Amino acid sequence: MMERSLLQRSLPALAISLLIAGTIFLAFVEVGFGEAKVDEKDSVSNRYIANGTEETGSSNLVTSVVVNYRGFDTLGEVTVLFLAATGVGALISMLPDDKKKRKGPAPSLIMAYGGAVTIPLIALFGVYVFLHGHLSPGGGFQGGVIIATAFLLFLIIRPDRSTPHGALSLFESLAGLSFVGLGLIGLAVSGIFLDNVIAGFGNLGDLVSGGLLPLIYIAIGVKVGSELSGVVHSMRGDAP
Amino acid sequence: MNSAMFLAIALLMFIIMIALAVASVRSKDLIIAAILLAGVSLIASFAFVLMRAPDVAMAEASIGSALTAIIMVYAIKRTKRFEDDDNGGGHQ
């Protein structure tokens, strides 16, 4: 009796899932995957290595692939991370919040003062990594994760302090919107989503160069940093 | 760096990584197991630097050895710290 009502309740969800699956199947059934044979000389990777620096204005070739040639995939990755963070937050907020259990012992003096000295340095390094993503190794994702590490250290040394969860969500949403907005600039100017329309801007190797790439990496850095900070924050267990 | 030295360092790192992973599986204390897994990630990030992938090394060092470990520790705090024995008697 109970099981039948459960089945009846989940029928609409099942129908919607089947509809979405059918749409995706119909969209891709015409695409012939792996049909054309590509010559070694004309392969995509050789083209990136030969022309990547001139076409994107980024001296880091990894960045020119991740943000420019495969920028749409990066948008998908950021969406996956957003869904994962949202799922963790939703799951944790259903648990009963026992304040007694999470109040651990206060951190030791060395931990508290060492953390107070190193947190600004770690956060600054994170910002450096995503600002210089088009010049040196690293980028938006790595810089954002380093910033989340600084936030984590703050949560450890000040367990009694309330944290700005609303501000984290605000930064996350603004960064995600600006990533899509920067992509729409390309769509409006040249008709290609996430096209680097001002690729020749600045001298190669300068901090202000690479066109839209540093701006996109700043958006990714802020988004990843606030998202992973939110995950750590809700795992600690005082979500509002 | 000559290639023999490179090979020696790489082999040493792989042996340490395997040893840490085995110790993590065998540990009954789940917090110690999480910390040993963070050690595996730390050595793996050195290995990525050696393989000239500094981008991946940065992500591995900060995610694998900091964020993942602390998320596991928070999850262990919400459940219980010690794995049960095979005969069913828990420590706690």
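1. In this predicted model, helix α2(B) is followed by Arg52(B), a residue whose phi is positive, near 60°. Arg52(B) is not a glycine, and the positive phi is therefore noted here for a residue of another type. Its place is the loop between α2 (30-50) and α3 (54-78) of chain B. Is Arg52(B) buried or exposed? Arg52(B) counts as exposed, with 9 C-beta neighbours inside 10 Å.

2. Helix α2(B) itself has 21 residues. From its first C-alpha to its last it reaches 31 Å, close to the 30 Å expected at 1.5 Å a residue. Ala34(B), Leu36(B), Leu37(B), Ala38(B), Ile43(B) and Ser45(B) are buried in this helix. Which elements cover them? The cover includes α1 (3-26) and α3 of chain B.

3. Chain B as a whole contains three helices and zero strands, in the order α-α-α from the N terminus on. Its radius of gyration is 16 Å, well over the 12 Å that the globule rule gives for 92 residues, so chain B is more spread out than a compact globule. The C-alpha trace spans about 55 × 25 × 10 Å along its principal axes. Buried residues account for 21% of the 92 residues in chain B. Of the contacts in chain B between residues at least 6 apart in sequence, 50% join residues at least 24 apart.

4. Next, the interface. Contact between the chains involves 13 residues of chain B and 17 residues of chain A. On the side of chain B that touches chain A, there are 10 nonpolar residues, one polar and two charged.

5. Chain A also has a non-glycine residue with positive phi: Leu194(A), where the value is near 60°. Leu194(A) sits in the loop between α8 (165-189) and α9 (213-236) of chain A. Is Leu194(A) buried or exposed? Leu194(A) is buried, with 23 other C-beta atoms within 10 Å.

6. From α6(A), the residues Gly126(A), Phe130(A) and Leu131(A) take part, meeting Pro214(A), Tyr217(A), Ile218(A), Gly221(A) and Gly225(A) of α9(A). By class, this contact has five nonpolar residues, three polar and no charged ones.

7. Helix α9(A) also packs with helix α3 (residues 61-69) of chain A, at an angle of about 80° and with the axes 10 Å apart. The two helices are therefore roughly perpendicular to each other. Thr63(A), Val67(A) and Asn68(A) of α3(A) make this contact with Leu213(A), Ile216(A) and Tyr217(A) of α9(A). The residues divide into four nonpolar, two polar and no charged.

8. Last, helix α7 (residues 140-157) of chain A has 18 residues and reaches 26 Å from its first C-alpha to its last, close to the 26 Å expected at 1.5 Å a residue. How many of the residues of α7(A) are buried? The number is 14 of the 18, so α7(A) is largely enclosed by the rest of the structure.

How values were computed: Residues are numbered from 1 along each chain as its sequence is written. Chains are lettered from A and ligands numbered from 1 in the order in which they are written. This is a predicted model: local features need pLDDT of at least 70, side-chain atom pairs count only at pLDDT 80 or more; totals for chains, interfaces and linings use all residues. Two residues are in contact if their C-beta atoms, placed from the backbone, lie within 7 Å. Ala, Val, Leu, Ile, Met, Phe, Trp, Tyr, Cys and Pro count as nonpolar, Asp, Glu, Lys and Arg as charged, and the others, Gly among them, as polar. Helices (H or I, at least four residues) and strands (E, at least two) are DSSP runs, numbered from the N terminus. The radius of gyration is taken over C-alpha atoms; the globule rule is 2.2 Å times the number of residues to the power 0.38. A residue is buried if 20 or more other C-beta atoms lie within 10 Å of its own, exposed if 12 or fewer, and partly exposed in between; C-beta atoms are placed from the backbone. The expected span of a helix is 1.5 Å times one less than its number of residues. Axes are lines fitted to C-alpha atoms, for helices over the stretch in contact, and angles run from 0 to 180 degrees between N-to-C directions. Angles under 35 degrees count as roughly parallel, over 145 as roughly antiparallel, 65 to 115 as roughly perpendicular and the rest as oblique.
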